[in-house]
Amino acid sequence: MDMATGEFQASTENSRNLAIEAHGLVKRFDGTLAVDGVDIAVPAGAIYGILGPNGAGKTTSLRMLLGIIDPDAGYRRVLGAENPQDVARLIGYLPEERGLYPAMKAYEAIGFMGALRGLPLDVGRERGKELMEAHGLGHAVDKQIRQLSKGMAQTVQLLGTLVHEPKLVVFDEPFSGLDAINQGKLEGLIRGLADKGTTVIFSTHVIAHAERLCENIAIIAGGKVPYAGSVEEARDRIPAQVRLETRKREGRWRTALPAETRQVGDFFHFPLPESGIEPLLKALIEGEAGILSLSIERAGLHDAFVAIAGEAAARDMVADAEGKPA
Amino acid sequence: MNHSVRNGGRLSMWRAAYVIARRDFTAILLSRAFIFFLLGPLFPVFVMALAGGVGAQVQSEATSADVGIAMESRDVDAMLAAQDEVRDLVGPALPNMVELERLAPGEDFDAATYLENREGSLAAIVSGTPEAPKLTATAGRLTRWEGMVALVAAHASQPGAQTYPAVTTATVETSGASENTGRLRTAQGGQLLLFLLIMLLASMVLSNLVEEKGNKIIEILAAAIPMDAVFLGKLFAMLGISVVGIAVWGTTGFAVLTAGGVSLSDYANPGVGWPMFFALFAAYFGMGYLLLGAIFLAVGSLATTVREVQTLSMPATMFQILVFFFASLAVTDQGGWIEYTAMAFPLSSPFAMVARAATDEALWPHLVALAWQGLCVAVFVKAGASLFRKRVMKSGPRAARSSRSLGKLVKDTFRNRSTPPA
């Protein structure tokens, strides 16, 4: 790992602008490889998404980044510290499995979570009341957690994650269990945090949230990161899709369509040819296809994710079948 | 490390432990379960009191400490008759007076020697004459019984007397054979009480951890503070709860016994004296609880469900019962290898040392034992926290499904962890 360390020292300038950087993180549980060489670089102040199917290794990766568990191999640096626990007070973390003490009052729960991050208990409790008021939960300040609805309890925990005003906030599947309205509110809150300069990193298997919120993402599949980069680059990995509607169903123009063409109802779908749309258009006109409509649709993040994660899964399956590392 | 990083460091272990302990202590103290925790050990006392059992027991305890009368024959008769009269006035607070010796006129009687070699329930001797009684006893009993003896003597010398004779007192150190027997009883009683308290508290701390896992808040704690601090916080919170409990139980018990006229001076003085015995008992309770509590917490960390917790804690409980029996055996083998082994083995050490405090005067073995037990507590807590940290922070169903042996888990705990390069 010396070589890797050397590379990081050489890239100190870049590192200064990164809230999180991790290279080659590996974690095994009971001999099973849960995370296999994860690389992540999260710019400071960004909203960064970690996407992956269930069981891909997202939570384990986040736990390693937070120092909850140590990697078996690899390197991590969080807010400039090689040991994430050295910057624990600057981090807020909302785990996937929500947990609060049922008998605690809501504002006390927020204060307690702040106290865990070094905030004096009375200050945390006062801020808890203010935050609850600001988020429309003023009526529930004195209620015990067990008396709150699931959504309200989740909001209380979210506020507890933020009460100490962290510089880095890590959410593990923050949208799970929330209704559409609360999902929208959470998206707004995440944008608000980023506007204030807070770095937000969250994991999700619902791509739409990442597409709306993130500039950069990492896709984790099978414990590996087959893609890390901007959302736009991920979308560009998949060719744009052409959707064609013609008056005629058959004719010599059909020979101009690519072999991967699928017919769905009245429409033909196929990837945009590498030669561009103009030669195809010319062939269709000359072949008298009778074009009713033609649109070129750029691939969405969902398509990119399915393609990238699917390729990774396919590679794993092949590797497993051949008994080789993927 | 730059300024922001230094300011962003997590809480120190002790401060984090304080945050956890404060939360747990308050939560438990304000819970309904705590009321039952407090009342639980008092139920038998209340039931006995309602059934008149306490009164009978107190009476029995009071009468079991007899005051022997060694006077001339007619004075003995007068004192015994006066005792019956006075008992009607003062009730069970009056010690039971029994005939000890009918002396010939002018015959000397060495009450101190007689008392130090006494057997049975003889606790004091009144000699001399009803007009000039002499009370020989331990210092505590002299204080308690001087007035009573004067009262009885006054009635014996002149029925309806308005003035009491001055009682001459002589103090004895009770170090005879009967004292040793009493000390052994104190040792065994102390061990039993220690065992019951520790088991009660260790079970409670386990329940507390299970609740925590059920609440799924443990990951929030693990992300923010050292896992050792979570362990320490939980252990010390329950220790604090136990202090409250013991204070309540102790005060109640003391009040009940005092009302019944029972005093510590009725019992054999422990080797280190009562004040030091109580102090050492508290220290060994703390150590014993921390040792067993750490084991129970580690057991709790291995389990994913309440049922698993019950299954896994059963062997730990049974083992602790065996340890208690072993320590009990050590009381009968003072100075032998069983006692030394019991003192050295961490889990039996607190029990063995409590017994030693009751039977032996030396204090230095306790300093050594407490240091050793403190070291063991540190190791146990560290290992338990390590085990917990390794076990509980696994993602997904694989962790729940995996069924590794306890031995392998422990081995993994002490195996070197891979560390990212600096």
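## Basis of the model

Residues are numbered from 1 along each chain as its sequence is written, while chains are lettered from A and ligands numbered from 1 in the order in which they are written. In this predicted model, local features need pLDDT of at least 70, side-chain atom pairs count only at pLDDT 80 or more, and totals for chains, interfaces and linings use all residues.

## Chain A in outline

Chain A contains eleven helices and 13 strands. Helices (H or I, at least four residues) and strands (E, at least two) are DSSP runs, numbered from the N terminus. Of its 326 residues, 43% count as buried. A residue is buried if 20 or more other C-beta atoms lie within 10 Å of its own, exposed if 12 or fewer, and partly exposed in between, with C-beta atoms placed from the backbone.

Among the contacts in chain A with a separation of 6 or more, 71% join residues 24 or more positions apart. Two residues are in contact if their C-beta atoms, placed from the backbone, lie within 7 Å.

## An enclosed helix

Helix H3 (residues 58-66) of chain A is largely enclosed by the rest of the structure, because nine of its nine residues are buried. The buried residues include Lys58(A), Arg63(A) and Leu66(A). Gly67(A) follows H3(A) and has a positive phi, near 80 degrees.

## Two packed helices

Helix H4 (residues 106-116) and helix H6 (residues 150-162), both of chain A, have axes that come within 8 Å and cross at roughly 35 degrees. Axes are lines fitted to C-alpha atoms, for helices over the stretch in contact, and angles run from 0 to 180 degrees between N-to-C directions. On the side of H4(A), the contact is made by Ala106(A), Ala109(A), Ile110(A), Met113(A) and Gly114(A), and on the side of H6(A) by Val156(A), Leu159(A), Gly160(A) and Thr161(A). These residues divide into six nonpolar, three polar and no charged. Here Ala, Val, Leu, Ile, Met, Phe, Trp, Tyr, Cys and Pro count as nonpolar, Asp, Glu, Lys and Arg as charged, and the others, Gly among them, as polar.

Phe112(A) is also found in helix H4 of chain A. Phe112(A) counts as buried, with 26 C-beta neighbours inside 10 Å. Leaving aside neighbours within four places in sequence, Phe112(A) is in contact with Met104(A) and Arg23(B).

## Positive phi in two glutamates

Most residues other than glycine have a negative phi. Glu165(A), in the loop between H6 and strand S6 (168-172) of chain A, has a positive phi near 55 degrees. Glu173(A), in the loop between S6 and helix H7 (180-195) of chain A, has a positive phi of about 50 degrees. Glu165(A) is partly exposed, with 16 other C-beta atoms within 10 Å, whereas Glu173(A) is buried, with 21.

## The nonpolar cores

A nonpolar core is a set of buried Ala, Val, Leu, Ile, Met, Phe, Trp, Tyr and Cys residues joined through C-beta atoms within 7 Å. The largest has 158 residues, of which Ile219(A), Val205(B), Ala294(B) and Val354(B) touch the most other members. Helix H12 (residues 274-302) of chain B gives the most to this core, with 16 residues. Apart from it lies another core, of 30 residues, including Leu100(B) and Met148(B).
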